[in-house]
Amino acid sequence: MPTLPDRLPLLPLVNTVVFPAAVAALKLSGKTSQRIVEALDDEESLVALFYPEELLDDELSPDDLQSIGVAARVVQTLKLDGSRHQILCRGLCRIELLGVEETAPYLTSQVRQIPVPAAPKGSGDQALVRQAIDAYADLAAADDRYRLESVEVLRANSKAGADFFSDLLASLLDAPLEIQRRLIETIDPAERLRFLLELLEEESDRKLVAREVHAQVQKRVDDKKREYLLREQLRTIQLQLGDNQTPSNEAEQFRAMIEDLPIDDESKSSLERECDALAVMSPQSAEYPAQSKYLDTVFRLPWWERTKDSLDMRKVERLLSKRHHGLGEVKERLLEYLSVIKLKGHVSGPILCLVGPPGTGKTTLARSIAEAFGRKAERISLGGISDESEIRGHRKTYIGAMPGKVISAYDHVGSCNPVLLLDEIDKMSRSAHGDPASALLEVLDPEQNKTYLDRYLGVPFDLSETLFIATANVLDSIPAPLRDRLEVITLSGYTDEEKIEIARRFMRPKLLEEHGLEPGALRFTRSALESIIRGYTAEAGVRQLERRLAAICRKSARRQALSKANRDEKVETIRSKQVGELLGPPRYEQEFAARSPEIGLATGLAWTGDGGAILFIEASRMDGTGKVEVTGHLGEVMIESVRTAYSFVRAHARELEIDPGVFQKSDVHIHFPAGAIPKDGPSAGAAAATCLASLLSSRPVRHDVAMSGEVTLRGKLLSVGGIKEKVLAAHRARIRTVLLPIGNRKDLERVPKTVRDELEIVLVKHVQDIWKRALVPLVLANEDDMELLEQSAHGADRLTAR
């Protein structure tokens, strides 16, 4: 290290840093710098290079300078234009500023040479040097600002010591001035090397990120160029083929149709904005298919397309008679409803709702009405819907958005005045996604549906010319506001005679055609149809009957396919004795015909969504403390009805010759079989009272007697609903006597006369009247008399069946 004088000319540097062992060219333009250059004795003069604490202007005071600087030897001086000079200097060593003296013509600094700290043995400086060389080599390979030759220079000086090497490496780095000045102030070579290593790693990471970003940007630019070239080629090909369906052309086609839509100006402006959005989209963008689909859906709707009504009441009457057997009252109501529409000239008023058990012809009636009108028909299945968006549609901003079921039906049917069948309107349910029944209110309300707004469309659509027909199995599950908009027509079910006629006139020709059989290839005798209806079906409608007949048709088709005889010449007749061979043992015969009078078992009548049904009530007594347990998946109303019946029986224990102590010493369990099926309603009170009276008085209940009625605490019977359905169910189960409240006399007029003639229907006022007819007298309640009673009952059953 050279020996330096105590005083050196002071040369402040603002924008440049000179490291020891580095050569740098300095351009000087200030007055002080100019005087120093002019006063230099020769080109081997020494100067003290110090740096300001902050980046300031050229006018510096000694107090602004850092305490650590560099002593440098001026190697060459070159005068530039005007007062500007350039000197080439070589850094020698670090120096400490002790003071500043004002001497003409420049400032002189009092300095002290800073000795290089000796590296302790085993300090690891050489390892730091090797790491620094490798890090610099990686940076030079990644960054074009650094030359690979500099790596060889570093390797050549790797043995020169950590102090010299670190200053050489610092001079080769393109670091900010603040970092360079910090390196000048760092005296310890090892600390300086570690700091340089951190700088090299940060610079390498920064360069790596920059290269990745540059690669991504370049890839996007290349993709854009490629997309542009491909699009230009595609446009050229489309022009050559005469196909110029671009987004802008598609938007113009949609825009030309806006003026013809029967909507208000605000809605037209909204559609124009949608067309403008489509025009500027790229066909490859993710939004283009959704936007194009939306506008296509809007303009595909039948805004003006309608069918001309041809409502001929005589034709309607003939059509209903031809396609639907029985249902006289229902047909009458339908004809009245349609007559009002014909006279008014437009559809208005309540919505027609056909209510009845499955298989009673609700859907086919609705299709017959549509055909009589000459209108197109579309079915909307509402069963299981729990999201109001299924009715009102999804907002088109959602992924996978689509219009609601109502608007989709118009799109499919292609007419603005169709007949829409709202099937299973009672099967909707409310959930966290809204209430579909409330959404239907706007659809069915004639005051609102003129401007029905689907969320997906966003523009109003007129539903007022549509004839809506709803179907349901029960009315109880339909909310009151929606039920208020419905004109209810009830389909109760078919009698056995009506089912026989339906099977002969409608089902047989249809099934023969479906199974590839000739029209006369298969016939059913009346007794065979009776056996199928009574032994293999238990329903208000005819769906099970159709399935049983289809099973026989399949077996016949198989036999005829295997037969070598000509099918046209072979006619097969199905008789009653063959039914068991084809369908197996009867499914319902044993349940009713083989029963006998029993204690604690009564037969009630219920009204369900599937029509009428018989309901067994069982009771059992055991030693206990007077508890009463009721099971069978019952609702609150039915449980209360059973408790009321128990209280009445207990209050009339003496009349029934029941020991009053039984109620305190015995527990009673009342059960309604088929526990998986929910049950509710008050009409089981009469049967429950009879079952309890039989159990506690040890008197059997006649098995051929069924009853229905609500019981009060005084024993009076109140009228109940579903009388026609219940009586038909009793008739199907071959019950001989039906006991009903006297308040239901008016409802018996709806029961077919053939059924009334085959049943003994007794109207009663009080529970005691039921006991007189249903409970077997005590004088007959011995084993021999019970056997005679059972044989008599079975004989009566067989007589009724014949």
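## Report on a predicted single-chain model

Ser-267 counts as buried, since its relative accessibility is 8% and the cut-off for burial is under 20%. The model discussed here is predicted. Ser-267 is located in helix 8, which covers residues 265-279. Beyond its neighbours within four places in sequence, Ser-267 makes contact with Val-459 and Pro-460.

The C-alpha atoms of Arg-736 and Ala-706 are 8.2 Å apart in space, while 30 residues separate the two in sequence.

The table sets the two sites side by side.

| Residue | Relative accessible area | Class |
|---|---|---|
| Ser-267 | 8% | buried |

Helix 4, comprising residues 162-172, is mostly covered, with eight of its 11 residues buried.

At the level of the whole chain, the model contains 28 helices and 24 strands. The radius of gyration is 51 Å, well over the 28 Å that the globule rule gives for 802 residues, so the chain is more spread out than a compact globule. The C-alpha trace spans about 150 × 80 × 65 Å along its principal axes.

Buried residues make up 47% of the 802 in the chain. Of the contacts between residues at least 6 apart in sequence, 74% join residues at least 24 apart. The chain exposes about 40,800 Å², of which carbon and sulfur atoms supply 49%. The side chains include 109 positive and 123 negative groups, and the centres of these two sets lie 11 Å apart.

Confidence remains to be considered. The average pLDDT of the chain is 82, and 90% of the residues score at least 70. Among the elements, strand 23 (residues 737-741) has the highest mean pLDDT, 94, whereas helix 28 (residues 783-801) has the lowest, 41. Over residues 788-802, pLDDT stays under 50, and for this stretch the model has 19 contacts beyond four places in sequence.

How values were computed. Residues are numbered from 1 along each chain as its sequence is written. Side-chain values use heavy atoms; hydrogens and water are left out. Helices (H or I, at least four residues) and strands (E, at least two) are DSSP runs, numbered from the N terminus. The radius of gyration is taken over C-alpha atoms; the globule rule is 2.2 Å times the number of residues to the power 0.38. Buried means under 20% relative accessible area, exposed over 50%, partly exposed in between (1.4 Å probe, protein chains only). Contact means heavy atoms within 4.5 Å. Accessible areas come from the Shrake-Rupley method with a 1.4 Å probe; for residues, only the protein chains shown count as cover. Lys and Arg count as positive and Asp and Glu as negative; His and the chain ends are not counted. The place of a charge is taken as NZ of Lys, CZ of Arg, CG of Asp or CD of Glu. pLDDT is the predictor's confidence in each residue, from 0 to 100.
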